[in-house]
Amino acid sequence: MASMEQRVSFIEGKLDSLATKADLAELESRLIKWMVGMMFAAIAAAASIALLVQRLIEP
């Protein structure tokens, strides 16, 4: 029985460092925002490079 109490107390000690559903939902929304922002930045960078190359090639 003492072993079981030790295991339960160990698990209870770790509970405050685990993520909740709310934490995971917030993380998901932040990741989606970052990914959309990075896609726009990549598109802008690709368009800028394409325009630069076009201007350098054309006389």
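Buried residues, meaning those under 20% relative accessible area with a 1.4 Å probe and protein chains only, make up 0% of the 59 residues in the chain. The model is a predicted one, in which local features need pLDDT of at least 70, side-chain atom pairs count only at pLDDT 80 or more, and totals for chains, interfaces and linings use all residues. Residues are numbered from 1 along each chain as its sequence is written, and side-chain values use heavy atoms, with hydrogens and water left out.

The chain holds two helices and zero strands; helices (H or I, at least four residues) and strands (E, at least two) are DSSP runs, numbered from the N terminus. The radius of gyration, taken over C-alpha atoms, is 25 Å, well over the 10 Å that the globule rule gives for 59 residues, so the chain is more spread out than a compact globule. That rule is 2.2 Å times the number of residues to the power 0.38. The C-alpha trace spans about 85 × 20 × 10 Å along its principal axes.

Helix H2 covers residues 21-57 and includes Met 39. Val 53 also has its place in helix H2. With a relative accessible area of 40%, Val 53 is partly exposed, the class between buried and exposed (over 50%). From Val 53 to Glu 26 the separation is 27 residues in sequence and 41 Å in space, C-alpha to C-alpha.

The accessible surface of the chain, from the Shrake-Rupley method with a 1.4 Å probe, comes to about 5,800 Å², and 70% of this belongs to carbon and sulfur atoms.
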